[in-house]
Amino acid sequence: MSLTYSQTVIDARLNGVVTALGASASLLLKDGSTTVSTIALASPVGTVNGGILTFSGTLLDDSADATGTVDSAVILDSTGATAISGLTVGIPGGPQDIIISNGLNSKLITAGQVVALLSAQITGS
């Protein structure tokens with residue numbers, strides 16, 4: 001039998017994530033083990049409503065770190081430790097956790113390119 005949490009508990013767990021990430025968390029867009037882009041997150045990172053943590057602020061990397069096709073995302077807390085991994089990444093129209101834009105409607109990012117997060121959410125359970 002699987003566990004089922006109330007909406008109140010799910011929201012409390014996600015608010016715990018917001019607190020745990022701290023004041024200077026970052027999101028890394030990855031191609032395998034290579035970090036393609038690093039995006040500083042707002043403080044706090046976002047808001048929780050209805051079991052969904054929606055990241056807020058201007059989520060932008062003015063100059064991508066490397067060239068690669070983004071296949072996942074990782075969030076580091078304020079200490080630089082991995083807090084969340086396994087986030088999916090896509091382009092507009094996709095159902096992924098993180099939706100990016102590089103002006104080309106592609107997950108291929110070139111070093112030095114501007115990368116914007118159009119949306120970023122984590123659904124609690």
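Reader: Where does Asn-102 lie?
Author: Asn-102 sits in the loop between β10 and β11 (108–109). Strands here are DSSP runs of E with at least two residues, helices are runs of H or I with at least four, and both are numbered from the N terminus. The model is predicted: local features need pLDDT of at least 70, side-chain atom pairs need 80 or more, and totals for chains, interfaces and linings use all residues. Residues are numbered from 1 along each chain as its sequence is written, and side-chain values use heavy atoms, without hydrogens or water.

Reader: Why is Asn-102 called buried?
Author: Its relative accessible area is 8%. Buried means under 20%, exposed over 50%, and partly exposed in between (1.4 Å probe, protein chains only). With 8%, Asn-102 therefore counts as buried.

Reader: What makes the approach of Asn-102 to Leu-104 a polar contact?
Author: A polar atom of the Asn-102 side chain lies 2.9 Å from the backbone nitrogen of Leu-104. A polar contact is a pair of N or O atoms within 3.5 Å; within protein, one must be able to donate a hydrogen and the other to accept it, and residues adjacent in sequence count only if both atoms are side-chain atoms. The Asn-102 side chain also reaches the backbone oxygen of Leu-108, at 2.6 Å.

Reader: Why does Asn-105 count as exposed?
Author: Its relative accessibility is 52%. That is over the 50% limit, so Asn-105 is exposed.

Reader: What joins β7 to β8?
Author: Three bridges, and the strands run antiparallel. Ala-73 stands opposite Leu-87 in β8. The two strands form a hairpin with five residues between them. Gly-80 in that turn has a positive phi of about 90°.

Reader: What makes β7 mostly covered?
Author: Five of the five residues in β7 (72–76) are buried. In a regular strand the side chains alternate between the two faces of the sheet. Here Ser-72, Val-74 and Leu-76 are on one side, with Ala-73 and Ile-75 on the other. Both faces are covered.

Reader: Which residues touch the most other members of the largest nonpolar core?
Author: They are Leu-29, Phe-55, Ile-75, Ile-98 and Leu-117, out of 29 residues. The elements that give two or more residues to this core include α1 (7–21), β1, β7 and β12 (115–123). A nonpolar core is a set of buried Ala, Val, Leu, Ile, Met, Phe, Trp, Tyr and Cys residues joined through side-chain atoms within 4.5 Å.

Reader: How do you know that Asp-77 has no salt bridge?
Author: The nearest side chain of opposite charge, Lys-30, is 14 Å away. A salt bridge needs a side-chain nitrogen of Lys or Arg within 4 Å of a carboxyl oxygen of Asp or Glu. Lys and Arg count as positive, Asp and Glu as negative; His and the chain ends are left out. Asp-77 therefore has no salt bridge, though it is buried. Its place is in the loop between β7 and β8. A polar contact of 2.6 Å does join its side chain to that of Thr-79.

Reader: Why is Ser-37 called buried?
Author: Its relative accessible area is 0%, so it falls under the 20% limit. Ser-37 is in strand β2. Its side chain makes a polar contact of 2.6 Å with that of Asp-61. Leaving aside neighbours within four places in sequence, its contacts (heavy atoms within 4.5 Å) include Leu-27, Leu-29 and Val-115. Ser-37 and Val-115 are 78 residues apart along the chain, yet their C-alpha atoms are separated by 7.5 Å.

Reader: What makes Leu-14 buried?
Author: A relative accessible area of 6%, which is under 20%. Leu-14 lies in helix α1. Beyond four places in sequence, Leu-14 touches residues including Val-48, Leu-53 and Ile-122.

Reader: Which residues does a cis peptide bond join?
Author: Ser-43 and Pro-44, with omega about -5°. Pro-44 is in the loop between β2 and β3 (46–49).

Note on methods:
Two strands pair if DSSP finds at least two bridges between them.
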